[in-house]
Amino acid sequence: MLEKSYYVALRKRDSDRFWEKEEYQFYVFKPKSERYWLADPFLFEREGKTYLFYEAFDRYKNKGVIAYSIIYNCDKISEPCVVIERDYHMSFPNVFEFNGEIYMLPETSQDNSLVVFKSVHFPDRWEEIVLNTDIFTCDSIVIYNAVRIPTGILTSEMYRDPPDGIIPSCYVRNKLYRCRFDPDLKLEGTGEVVAEGDDGVRNGGACFRYRDRQFRVGQECRDGIYGNGLVFFEIQENGTYSERRAWEYHKEELAGHLSISGFELLGTHTYNSSPGWEVLDFSVMYQVPAYFKFIRLWFRGIRFVKKRIRRLVHI
């Protein structure tokens with residue numbers, strides 16, 4: 001069975017970024033198990049270790065869970081360790097630190113919610129804090145001021161009932177919510193729409209500083225094609241939110257810079273970095289073992305039984 005699958009690829013860096021070089025290579029991380037494909041990678045460095053968080057899409061259960069690995073070198077990365085799983089799909093584990101606390105802002109649109117997780121024992125134990133229970137948003141990021149204090153949450157909100165010709169995963173409205181920590185993350189107000197469309201609007205990674213300026217990563221999804229490439233925007237730090245398009249990076253440019261070859265690269269839609277690494281994801285068609293369909297039927301049956309039991313309990 002041929003199925004669209006994602007991989008994450010890493011590059012060791014000093015102070016440079018890959019777009020500053022003509023010659024560079026990203027090393028592809030391939031877990032031993034075929035149960036998961038990996039997407040939406042985020043990096044977090046702590047106490048001399050580099051943690052790679054990502055969506056681990058469970059091919060058996062047909063949903064994403066949140067997992068991490070520890071990076072020791074390009075060719076030495078620990079196997080996926082699942083840390084957060086819910087009944088619904090999860091992705092985009094945006095990990096960040098503020099006031100000595102570590103938080104994660106994942107995508108939970110299938111639950112129609114926006115939640116943040118606070119680490120109680122990093123990296124394995126997290127407690128959930130609900131921010132909004134009536135929101136259809138995918139990839140959310142933190143906006144900072146010039147001294148790295150969080151000032152807002154920028155959500156990429158999808159249409160529940162999209163107009164004709166609009167694909168919800170590609171065409172979104174970016175909405176900025178002011179936020180505060182009291183002591184943990186809280187949203188203020190109803191949010192302000194600051195961008196709408198399919199050309200770099202949907203968030204594609206955490207904000208980062210480059211040459212003393214703050215940048216946002218967006219996903220280029222024009223013509224209803226998810227993951228055409230990445231668009232980088234410079235955020236104007238002048239008190240009100242605005243941004244300008246700085247440069248783009250398309251999937252065709254990535255194909256010759258991966259440590260594996262012999263496939264057609266379908267797309268790329270996430271970029272992140274840390275002081276020592278940078279990471280992105282890409283998609284290809286992958287030959288899944290035929291016996292997976294029987295495992296999926298088994299898990300589908302388990303889900304059906306659980307739903308029936310929950311309904312009976314609530315009668």
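Buried means under 20% relative accessible area, exposed means over 50%, and partly exposed is anything in between, using a 1.4 Å probe and protein chains only. Keep that in mind for the close-ups below. This is a predicted model, where local features need pLDDT of at least 70 and side-chain atom pairs count only at pLDDT 80 or more, while totals for chains, interfaces and linings use all residues. Residues are numbered from 1 along each chain as its sequence is written, and side-chain values use heavy atoms, with hydrogens and water left out.

**View 1. Phe208 and Phe215 make a stacked pair.** Rings of Phe, Tyr and Trp (its six-membered ring) pair if their centres lie within 6.5 Å; planes under 30 degrees apart count as stacked, over 60 as edge-to-face and the rest as tilted. Here the ring centres are 5.8 Å apart and the planes sit at 20°, so this pair is stacked. Phe215 has 5% relative accessibility, so it counts as buried. Phe208 comes in at 7%, so Phe208 is buried too. Both rings belong to one aromatic cluster, whose members include Phe18, Trp19, Tyr24, Trp247 and Tyr271.

View 2. How many aromatic pairs does the structure hold? There are 39 of them. Phe53 lies in strand β4 (residues 49–58) and Phe122 in the loop between β10 (114–121) and β11 (125–132), so the pair ties together parts that are 69 residues apart in sequence. Strands (E, at least two residues) and helices (H or I, at least four) are DSSP runs, numbered from the N terminus. Are these two residues buried or exposed? Both Phe53 and Phe122 are buried.

View 3. Where is Pro183? Look in the loop between β14 (172–181) and β15 (185–197).

**View 4. Glu47 and Asn62 have positive phi values.** Glu47 isn't a glycine, yet its phi is about 50°. You'll find Glu47 in the loop between β3 (36–46) and β4, and its 71% relative accessibility makes it exposed. Asn62, also not a glycine, has phi near 60°. Asn62 lies in the loop between β4 and β5 (63–73) and is exposed, with a relative accessible area of 57%.

**View 5. Leu38 sits in strand β3.** With a relative accessible area of 2%, Leu38 is buried. The C-alpha atoms of Leu38 and Ser5 are separated by 7.9 Å, and the two residues are 33 apart along the chain.

**View 6. Arg300, Arg303, Lys307, Arg308 and Arg311 form a positive surface patch.** Like charges are joined within 9 Å, and nonpolar side chains (Val, Leu, Ile, Met, Phe, Trp, Tyr) within 5 Å. Pick out Lys307, which is in helix α2 (residues 292–314). Lys307 is partly exposed, with a relative accessible area of 47%.

Conventions
Patch = residues over 30% accessible without salt bridge, like charges linked within 9 Å, V, L, I, M, F, W, Y side chains within 5 Å. Areas by Shrake-Rupley, 256 points an atom, 1.4 Å probe, with all protein chains shown as cover. Salt bridge = Lys/Arg side-chain N within 4 Å of Asp/Glu carboxyl O. Lys, Arg positive; Asp, Glu negative; His and termini not counted. Charge placed at Lys NZ, Arg CZ, Asp CG, Glu CD.
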